[in-house]
Amino acid sequence: MVVFRWLVLCAVVGCGPSVSGGSGESTGNEATGTSASLSPTGPSGESLGEDPTTENTAVDSTGSATGQVCEPGETRCSSDESLGVCAPDGMSWNDEPCGVDATCVPCDEQDGCTADRCVGPCDDPTTSLGCDFVIARLLSAREEFEDAVVLTAPAPTRAATVQLFRIAEGSTDETLIQETTLAGGEFVRWALQDDVGPAASWYRTGSTYRVRSDVPIAAYHHAPGRTATSNDSSLLLPVAALGTRYVVSSYGPLGAQAQDLGVPSYFEIIVLSDDTNIEWVPPVPTAGDGAAFAGATAGGTGSIVSASAGDAVRVAASNVALGIPIDARDLSGTVISSDKPIWVAGGTRCARIPVRTDPVGGFCDTIQEVLVPVQWWGHETVAAPPPSRGTENHYWRVYAGADGTTSFTTEPAVLTADNCPSPADFLDGVCTLPELGAWIEIRVANGVGFVVRGVAPEHDRFMVVGYLQSRRAAGEPAEASTDIGDPAMYQMVDTAAFGRSHVVTSGVGFSSDWIQVVRRVGGAAVFVGPIAISSWMDLGEFEYSDVPLNASSVGVQSEDPFGLVQFGYADPAQISPECSARSGSCASSYAHSAGWSSRGR
């Protein structure tokens, strides 16, 4: 058996030591040594040369040079495997190995850290591989079917002992319900059966799950756990990679759906530490739960004070928001802040993509994503067209990640004044979003892809999210349509976060599963199992390939970094009789990124 190591979530800013500007933002000047060794730069980032009178020289309280090159005890990452520690006299740096399986992680202030440090593989905050994951069942149009968590052990040298714990509603006690040992490259799929709860705002203790492992593993959440009339999936992030600031990606619900299954757009939070304070600023009103927290107005601030570890919160768009059409009650762009790391997911119980006014009814599907903290967002993303299901359009949203404005371009140019409308600004091919959480939606024709680039990479961070179009309903136009699958939502991997190996597992009961691989033109061969991908489609400086996933689990590897997204489509004309007997016409989709890597490993 060939086993591949898969390291996945990247700190797009902070992958190497950096210099901070006056506002505390990274200037993007990275180095493998101390930041004091960097040359000064001008306003545009050009090198101004070294200043021999100040470099590596500390000063005392009077401003006089002390001759020291560092502060005693100060630390810096001297490489991925070693930590430099300033000598007691401040006159030199001493490199110390991080130890077996440990990695040096540069400090990013948004992590809440204070210094570069060595971390063990289970505590690495810069990868979506981890040893500790939390999960909550999310709203779905087919909540009667159990969800699934899929765990993969990619490490080639050590088996992983993995455990699944259930935390019952009203409790913080973890009850072990599953346990197994996975060799490298193996995976397990376990059911999640707790009640999903109301399709409304909801505060409770427990009603969650926890996965623990003694070595890093990858984890995914599928809802439901096999094909039904409504599906989606998410890459799970380990507790070590969670953050304190998020922007919600969701979509407007289909209000005309029978039994109001299109309501609501929402986000979900799991609290990890006692005395956690949480605030959110939504673009549309949110509902309170009638007890623990109140509703919030559009642009106002909702809050929860002193939440306890193990608490879980669902915040839904208000269903009594007068003057706001149901399909416009979209919590996308909500900014969530906390004083301690939290887990956040965003979704919609049943969304029709795109929003249409004619016909009123149509097909909708569950969409969900476990959200990536803003600290990990990047400045270059390849929006390759998803594997085609017909002649459908492709829909993308670009969410702003900077505290001020966020400016970006696309190649080829797909931005216009129409898809970059006010309060955004469009000028000479550049779209500028006004604030953190602002977003635009871009529609392109079938087969069209593009690359999004920040104008100032050290500042203009963003998240690109893909949305699969709904299948065609009666009364909808036949052009630019599909009869296969249904909506899904997926966050894209920034190019700085590409990795060199992944292990992917197929969904259960879908007509077709796909992986989409993206690499730079001229990159090293990418192998799916033992077979190299031979067919590529150009997209500027990048190229992509859509590969059918015909095995339940397979390794994907290359000597150069690449990105990977996984898709699953259910075709009502081909789906199994078993699925149709369970849930009627089985037309649905899922999509998620396979993983992110911090140092291109």
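Both glutamate 143 and arginine 349 are buried in this predicted model. The two residues form a salt bridge, in which the closest N and O atoms are 3.1 Å apart. In the structure as a whole, the count comes to 22 salt bridges. Side chains of opposite charge can pair when their charged atoms come close.

A second salt bridge is formed by glutamate 380 and arginine 453, with 2.8 Å between the closest N and O atoms. This pair also links distant parts of the chain, at a separation of 73 residues. Glutamate 380 is in strand β23 (residues 380-383), and arginine 453 is in strand β29 (residues 450-454). Glutamate 380 has a relative accessible area of 11% and is therefore classed as buried, the cut-off being under 20%. Arginine 453 has a relative accessibility of 18%, so this residue counts as buried by the same cut-off.

In a further salt bridge, the side chains of arginine 519 and glutamate 543 meet at an N to O distance of 2.7 Å. The partners are 24 residues apart and connect distant parts of the chain, with arginine 519 in strand β33 (residues 512-520) and glutamate 543 in strand β37 (residues 542-548). Arginine 519 counts as buried because its relative accessibility is 11%. Glutamate 543, at 8% relative accessibility, likewise counts as buried. Salt bridges with shared partners also join Glu380, Glu411, Arg453, Arg520 and Glu541 into one network.

Rolling a probe the size of a water molecule over the atoms shows where empty space is left. A search of the whole structure finds five cavities of 30 Å³ or more. The largest cavity holds about 70 Å³ of space. Its lining consists of Val382, Met492, Val493, Phe498, Gln516, Val518, Gly563, Leu564 and Val565. Strands β33 and β38 (553-569) are the elements that give two or more residues to this lining, and β38 supplies the largest share, three residues. By class, seven of the lining residues are nonpolar and two are polar, with no charged residues.

The second largest cavity contains about 50 Å³ of space. This cavity is lined by Leu235, Leu237, Glu369, Val370, Val372, Gln491, Ser593 and Trp596. Its lining comprises five nonpolar, two polar and one charged residues.

Strand pairing was examined in one sheet. Strands of a sheet pair through backbone hydrogen bonds, either parallel or antiparallel. Four strands make up an open sheet in the order β28-β24-β30-β31, with antiparallel pairing. The edge strands, β28 (439-444) and β31 (489-491), each pair on one side only. On average, neighbouring strands of this sheet are turned by 25° against each other, direction ignored. Within the sheet, strand β24 (residues 394-400) and strand β30 (residues 462-467) run antiparallel and are joined by six bridges. Methionine 463 in β30 is the bridge partner of tyrosine 399.

Conventions. Residues are numbered from 1 along each chain as its sequence is written. This is a predicted model: local features need pLDDT of at least 70, side-chain atom pairs count only at pLDDT 80 or more; totals for chains, interfaces and linings use all residues. Side-chain values use heavy atoms; hydrogens and water are left out. A salt bridge is a side-chain nitrogen of Lys or Arg within 4 Å of a carboxyl oxygen of Asp or Glu. Buried means under 20% relative accessible area, exposed over 50%, partly exposed in between (1.4 Å probe, protein chains only). On a 1 Å grid over the protein atoms alone, a cavity is a set of points where a 1.4 Å probe fits but cannot get out, and a pocket is an open set with protein on both sides within 12 Å along at least five of seven lines; lining residues have an atom within 4 Å of a point. Grid points are joined across faces, edges and corners, and a volume is the space filled by probe spheres set on the points. Ala, Val, Leu, Ile, Met, Phe, Trp, Tyr, Cys and Pro count as nonpolar, Asp, Glu, Lys and Arg as charged, and the others, Gly among them, as polar. Two strands pair if DSSP finds at least two bridges between them. Axes are lines fitted to C-alpha atoms, for helices over the stretch in contact, and angles run from 0 to 180 degrees between N-to-C directions.
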